[in-house]
Amino acid sequence: MDHEGAVLWRTLGICFAVIGVCELAWPAYRLRKPLERRWGVHVVLFALGNVLVLATVPLSGVAVALAVEHSRFGLFNQSVLPFWMRCAAGILVLDLARYGTHRLMHTTPWLWRIHLLHHTDTEIDLTTGLRFHPLEAWVAGIVGLGVIAATAIPPAGVFLFEMMVQFQAVAAHANSSLPPRLERICRPFFITPDLHRIHHSIKEADQGRNLGVLFPWWDRWFATYRDVTVVESKAMNFGLADFPATKALHLPYLLATPFVKLPSPDGAVPEPVSRRA
Ligand SMILES: [Zn+2]
């Protein structure tokens, strides 16, 4: 494993440990499903996504950035702007690309079929950040590499972005909330767990809200932002209304979701609001 990969894996491990402790100490909800089953399914999905990406596109973002660093055609490798500014602009562009990809996944039928797995979770905790169909990991990886190759974002900017995304994938799905004062301070600048949670609401209209990964600015500019209150965020049900809730942790069924016609709901509805911790 190269140094970049080792640092990213270590970052993910530290994020899991820190946010896991926060979830245990200050949970937003009481989780009902067996933790080992949830975590097991989510870790397998995450591993399959990584295997698919590594087997088909064995290139890291930093490796692509290094390859195009001296290209004549890049945008962010020109020395017109200071280095730190090119890194910051690159991070913004990569986050915007993530927002755009996520939005397309909600509006394009064939992309929705590979993204819906993420929304079938009827409970939200830090491992929901690992719960993606392997094909979604592949599409997101290809888009990211394409943006880096086309714009020649400095390798340091790419590395910083990847570290931030590792943290945010876990933090945005945390079954915990920031203290109210910190929530007010952070919300204008970062997607907080309470802000992202509404995106997993069972209400279809809310699923098109707060699509951003790192920053909430794209949602504000493109009119997909919803400024949910912490109380409201804790009082919602999660999942997809037309997805059989009993299959939410059925791994073969989840992997087949892009390719099969989903049956009508089996009557299993998400737990009521009373599950609030
Ligand atoms: Zn989504």
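Predicted model: local features only at pLDDT ≥ 70, side-chain atom pairs only at ≥ 80, totals over all residues.

Reader: Okay, at what angle do H3 and H7 pack?

Author: Helix H3 (residues 61-68) and helix H7 (residues 155-171) pack at about 165°, and their axes are 8 Å apart. Helices here (H or I, at least four residues) are DSSP runs numbered from the N terminus, and the axes are lines fitted to C-alpha atoms over the stretch in contact, with angles running from 0 to 180 degrees between N-to-C directions. H3 and H7 are therefore roughly antiparallel to each other, a term used for angles over 145 degrees.

Reader: And which residues of H3 and H7 meet there?

Author: Gly 61, Val 62, Ala 65 and Leu 66 from H3 meet Pro 155, Val 158, Phe 159 and Glu 162 from H7, where contact requires C-beta atoms, placed from the backbone, to lie within 7 Å. By class, this contact of H3 with H7 has six nonpolar residues, one polar and one charged; Ala, Val, Leu, Ile, Met, Phe, Trp, Tyr, Cys and Pro count as nonpolar, Asp, Glu, Lys and Arg as charged, and the others, Gly among them, as polar.

Reader: What does Val 158 touch, leaving out residues up to four places away in sequence?

Author: Val 158 touches Gly 61, Val 62, Ala 65, Gly 90, Ile 148 and Ile 153 on that count.

Reader: Switching topic, is Arg 38 buried or exposed?

Author: Arg 38, which is found in helix H2 (residues 35-56), counts as buried because it has 20 C-beta neighbours inside 10 Å; the cut-off for buried is 20 or more other C-beta atoms within 10 Å, with 12 or fewer for exposed and partly exposed in between. Leaving out residues up to four places away in sequence, Arg 38 touches Lys 33, Thr 127 and Leu 249.

Reader: Then what about Gly 13, buried or exposed?

Author: Gly 13 lies in helix H1 and is exposed, with 11 other C-beta atoms within 10 Å.

Reader: How far apart in space are Gly 13 and Ala 28?

Author: From C-alpha to C-alpha, Gly 13 and Ala 28 are 22 Å apart, and they are 15 residues apart in sequence.

Terms used:
Residues numbered from 1 in each chain as written. Helix = DSSP H or I, 4+ residues; strand = E, 2+ residues; numbered from the N terminus. Parallel < 35°, antiparallel > 145°, perpendicular 65-115°, else oblique. Contact = placed C-beta atoms within 7 Å.
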